[in-house]
Amino acid sequence: MTTPAITPARVLRSEWHKLRTVRSTWITVLTSAALLLGVGILMGATYTSGGGDSDVDTVVLTLYGSQLGGIALAVLGILVTAGEYATGMIRATLTAVPSRVPVLWAKAAVYTVTVFTTSLLTALLTFLTAQVFLSDTDQAASLTDDGVLTAIAGNAAGVTLLGLIALGLGAALRSVPGAIGAFVGGVLIVPEILGTLPYEVMDTVVRYFPTQAAGVLGSATPLPGAASPGAAFLALVLWAAAALAVPALLLKRRDV
């Protein structure tokens with residue numbers, strides 16, 4: 001009896017099976033969806049025309065919850081990689097796939113498809129639900145308005161790419177608490193600290209940090225002082241690529 005060959009499709013199928021059968025996947029995905037939808041409904045139900053949020057982009061207003069939901073999905077990304085090191089299952093995974101790196105690419109691929117799809121569908125539902133409450137206000141909008149669909153898709157892409165950065169941190173640090181701390185500190189807090197420094201160059205640098213770039217992608221109108229959508233998307237892709245390149249290199253050079 002011959003041993004079945006290890007193919008990219010089989011590695012992908014294996015990682016998809018692991019992702020969908022682990023309880024934490026559904027907990028974090030449902031938590032993210034509930035936060036996004038709940039905050040969106042709250043924003044729509046409590047909004048009044050001419051208030052302090054009247055100048056906020058409509059998509060940004062209705063999808064405020066993606067900031068909280070995105071953290072839940074970032075935790076999922078960390079669990080996808082660092083979680084296996086915590087349980088010791090990574091030994092069996094890498095024994096089955098001795099070349100190692102395809103495992104990381106498969107994890108990133110199934111995570112990307114899962115998170116982007118669920119984030120996009122939830123964002124669409126949230127926007128449409130919030131608009132039920134906003135229909136008679138100055139924030140009324142529809143999916144056919146200029147930039148709205150692009151911003152909703154951009155919001156989902158931004159959340160997904162931030163999650164891929166978290167996934168890469170989990171794979172590089174091989175520790176769930178360590179990766180969560182690195183993500184919160186390095187991705188969420190450091191840009192805010194740098195932005196307070198009295199140097200003009202810092203304003204330019206910070207606009208290309210992950211969270212700031214993701215914010216640009218989720219807005220239907222240009223944000224003052226922010227990067228262009230194209231530059232923001234490229235910056236996010238490069239951040240995610242760098243976050244995945246480091247653990248890919250470590251997988252080749254370091255023992256399990």
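On a 1 Å grid over the protein atoms alone, a cavity is a set of points where a 1.4 Å probe fits but cannot get out, a pocket is an open set with protein on both sides within 12 Å along at least five of seven lines, and lining residues have an atom within 4 Å of a point. The model examined here is predicted: local features need pLDDT of at least 70 and side-chain atom pairs count only at pLDDT 80 or more, whereas totals for chains, interfaces and linings use all residues. Residues are numbered from 1 along each chain as its sequence is written, and side-chain values use heavy atoms, with hydrogens and water left out.

The structure holds 2 cavities of 30 Å³ or more, a volume being the space filled by probe spheres set on grid points that are joined across faces, edges and corners. The second largest cavity, with a volume of about 80 Å³, is lined by T81, Y85, I90, V103, L104, K107, A171 and L251. Helix 4 and helix 6 are the elements that give two or more residues to this lining; helices (H or I, at least four residues) and strands (E, at least two) are DSSP runs, numbered from the N terminus. Helix 6 provides the largest share of the lining, 3 residues. By class, the lining of the second largest cavity comprises 6 nonpolar, 1 polar and 1 charged residues, where Ala, Val, Leu, Ile, Met, Phe, Trp, Tyr, Cys and Pro count as nonpolar, Asp, Glu, Lys and Arg as charged, and the others, Gly among them, as polar.

The largest cavity has a volume of about 100 Å³. It is lined by 13 residues, and S32, L36, L73, S119 and T122 are the closest to its centre. At least two residues of this lining come from each of helix 2 (23–46), helix 4, helix 6 and helix 7. The lining of the largest cavity divides into 5 nonpolar and 8 polar residues, with no charged residue.

The largest pocket has a volume of about 490 Å³. Its lining consists of 21 residues, of which S66, Q67, T211, A214 and G215 lie nearest the centre of the pocket. Two or more lining residues are given by helix 3 (58–62), helix 4 (66–87), helix 7 (148–173), helix 8 (176–195) and helix 10 (210–217). In this lining, 12 residues are nonpolar, 8 polar and 1 charged.

The second largest pocket contains about 270 Å³ of space. Of the 13 residues lining it, E192, V206, R207, T211 and Q212 are the closest to its centre. Helix 8 and helix 10 each supply at least two residues of the lining of the second largest pocket, and helix 8 gives the most, with 4 residues. This lining divides into 7 nonpolar, 4 polar and 2 charged residues.

The packing of the helices is considered next. Two packed helices are described by the angle between their axes and the distance between the axes. The axes of helix 1 (residues 8–21) and helix 6 (residues 101–134) come within 9 Å and cross at roughly 55°; axes are lines fitted to C-alpha atoms, for helices over the stretch in contact, and angles run from 0 to 180 degrees between N-to-C directions. Helix 1 is therefore oblique to helix 6, given that angles under 35 degrees count as roughly parallel, over 145 as roughly antiparallel, 65 to 115 as roughly perpendicular and the rest as oblique. The contact (heavy atoms within 4.5 Å) involves V11, L12, E15, W16, K18 and L19 of helix 1 and P102, V103, A106, K107, A109, V110, Y111 and T114 of helix 6. By class, 10 of these residues are nonpolar, 1 polar and 3 charged. V103 and K107 of helix 6 take part in this contact and also line the second largest cavity.

The axes of helix 7 and helix 8 likewise come within 9 Å, crossing at roughly 135°, so helix 7 is oblique to helix 8. L162, I165, A166, L169, G170 and L173 of helix 7 meet G178, A179, A182, F183 and V187 of helix 8. This contact divides into 9 nonpolar and 2 polar residues, with no charged residue.

R174, in the loop between helix 7 and helix 8, has a positive phi near 60° although it is not a glycine. R100, in the loop between helix 5 (89–96) and helix 6, has a positive phi of about 70° and is likewise not a glycine.
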